[in-house]
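Q: Could you take me through the aromatic ring pairs in this structure, slowly and with the terms explained as they come up?

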Amino acid sequence: MKKVLLLLLMATMFIALPAIKSYALVTQDTTATAPPDDIVFTEVGSAQDSAANKQVKTEKDTLKKDTVKKVEKAAVAGKDAPKQSLWVTFGLGLLAGIAAFFLPCIFPMVPLTVGFFTKRAESRAKGIRSAIIYGLSIIVIYVGLGVIITLIWGASALNEISTDGFFNIFIFLILIVFGVSFLGAFEITLPSSFVNKLDAKSDAKGLSGIFFMAATLAVVSFSCTGPLIGTSLVAINTDLLTPVIVMFGFSLSLALIFTMFAIFPSLMTGLPKSGGWLNSIKVFLGFLELGLSLKFLSTADLAYHWGILDREIFLAIWIVLALILGVYLLGKIKFSHDSDLPYVSVPRLFIATATFVFAIYLIPGLWGAPLKAVSALVPPLSTQDFVIGQDGGGGSSPTVTHAKRKYSEFLHIPHNIDGFFDYQEALAYAKEVKKPLFLDFTGHGCVNCREMEARVWSDPRVLKKLKEDYIVVSLYTDDKTSLPEAEQFDSKILGTKVNTVGKKFKHLQAERFNTISQPYYVLLGTDEKELVSPPIGVEFDIDKYLQYLDNGLSEFAKKQTNE
């Protein structure tokens with residue numbers, strides 16, 4: 001029965017991983033190039049951000065004279081804003097640690113650990129103390145690795161992985177390697193000489209022996225923990241604290257489990273025996289990593305407009321992976337490290353059923369179904385070649401009755417919204433038709449932008465206002481399309497040369513609104529002043545989003561009357 005519960009726990013956790021990933025991104029920014037390390041921006045939508053925006057508004061003249069100093073001052077007020085996302089990051093690390101415990105590289109080490117402490121324990125009190133030190137050593141080792149990662153790459157460099165094209169390709173390839181390794185093609189191991197040295201030192205008496213026992217666990221289990229840690233670190237947009245928080249959560253769950261078994265060896269009798277079910281979990285993780293890897297390839301593909309991973313191709317690969325996983329769980333496919341499956345257990349049957357249901361859910365997406373449950377992870381509908389009910393396909397291309405707009409040949413707005421992609425062009429049109437501007441700071445790699453478009457913009461009331469009452473301008477801050485030489489310039493606030501479409505609008509967002517987070521929605525009058533302050537970011541409550549739009553229209557109407 002315990003074995004059944006363990007398998008169900010594993011299945012539930014990893015089926016829910018995409019949702020965890022999406023939520024972890026709610027308060028993170030998705031930028032193509034981070035600003036200099038001495039500039040920090042406030043979090044969108046927080047109370048601190050509201051206070052910072054009001055402060056910026058009351059000191060507007062000072063801001064113009066010294067933008068960078070004002071941004072730093074605003075950031076101080078919002079330094080506690082990311083707490084919610086860091087808690088979710090910590091939870092992701094905890095889940096990864098629990099998953100790692102049930103992998104073939106770690107689970108069989110429980111008896112060895114118990115035996116190690118049983119032989120060393122001269123008394124009950126000393127045994128408990130040694131077990132606690134062992135757990136703390138595990139945490140120190142993994143958190144130390146997180147600190148090293150942070151020191152090597154730094155906060156600004158880690159921030160770039162969310163949309164930087166070639167780094168996303170690198171992550172894609174790494175996850176492919178991890179996934180294939182979990183399927184049993186090969187093992188990712190560290191040099192045996194290094195492992196043997198650590199193992200020899202673990203026999204030493206005193207605290208050093210306990211520490212090296214923990215180090216031996218970390219090294220020996222690297223072939224299993226390496227892919228999980230790597231996936232945890234790249235599954236969310238990283239900032240300065242993310243590697244440390246992920247490693248702390250990961251190591252804490254492992255440390256607690258091993259410490260409990262070291263203190264209470266009798267708990268071992270309740271564990272299921274090692275066997276083929278451990279490798280099945282590993283294969284399950286392999287399929288999951290292969291599926292998640294496509295998200296990173298898709299981000300690079302969208303930012304650079306390569307056109308190699310359209311929505312239907314992405315979905316087709318996911319469908320095939322889900323079907324193969326379901327067939328594997330039913331015992332119809334066998335990999336190199338699998339043992340014979342004499343019968344299909346109830347947990348296997350349930351998990352296989354879940355994968356088949358997921359595959360069937362995805363199938364309508366091949367013909368244009370919105371698939372809201374995974375909309376944050378799959379490419380936008382505009383990349384689809386064929387959509388039922390729309391001649392010529394193209395998912396979200398509105399009927400064009402006007403001159404071609406700037407950047408419209410490679411950028412799109414969902415739900416047939418006939419909008420703009422350049423701020424100045426949109427502003428000129430807004431003045432002509434006397435309508436307020438709806439600035440949508442977005443990005444190709446911004447999962448919450450896709451989530452907002454699928455869950456909030458799709459509401460008929462919201463969509464009506466965006467189409468009829470506002471001039472929508474979607475400003476992609478991570479697009480890699482090069483600007484003409486005449487339009488390029490040096491940005492002091494970004495600390496880089498603005499030579500792409502994405503950098504052009506990220507500079508605009510940073511300079512005007514002191515943030516580079518996406519999504520970020522700003523309502524402007526034709527005088528280029530904010531209609532509602534502060535602007536908002538992620539807001540899945542449709543009623544609140546509608547109220548924000550209505551407040552903007554009300555303020556715009558007052559301005560028009562006064563004029």
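A: A search of the whole structure finds 16 aromatic pairs, where rings of Phe, Tyr and Trp (its six-membered ring) pair if their centres lie within 6.5 Å, and where planes under 30 degrees apart count as stacked, over 60 as edge-to-face and the rest as tilted. This is a predicted model, in which local features need pLDDT of at least 70 and side-chain atom pairs count only at pLDDT 80 or more, while totals for chains, interfaces and linings use all residues. Residues are numbered from 1 along each chain as its sequence is written, and side-chain values use heavy atoms, with hydrogens and water left out.

One of the pairs joins Tyr328 and Phe335, whose ring centres are 5.4 Å apart and whose planes stand at 45°, so this pair is tilted. Tyr328 is buried, at a relative accessible area of 2%, whereas Phe335, at 22%, is partly exposed; buried means under 20% relative accessible area, exposed over 50%, and partly exposed in between, using a 1.4 Å probe and protein chains only.

Phe441 and Tyr520 form another tilted pair, with 6.5 Å from centre to centre and 50° between the planes. This pair links distant parts of the chain, since Phe441 lies in strand 1 (residues 437-442) and Tyr520 in strand 5 (residues 520-524), 79 residues apart; strands here are DSSP runs (E, at least two residues), numbered from the N terminus. Phe441 counts as buried because its relative accessibility is 0%, and Tyr520 counts as buried at 1%.

Finally, ring pairs link Phe438, Trp457, Tyr470, Tyr521 and Tyr545 into a cluster.

Terms used:
Helix = DSSP H or I, 4+ residues; strand = E, 2+ residues; numbered from the N terminus.
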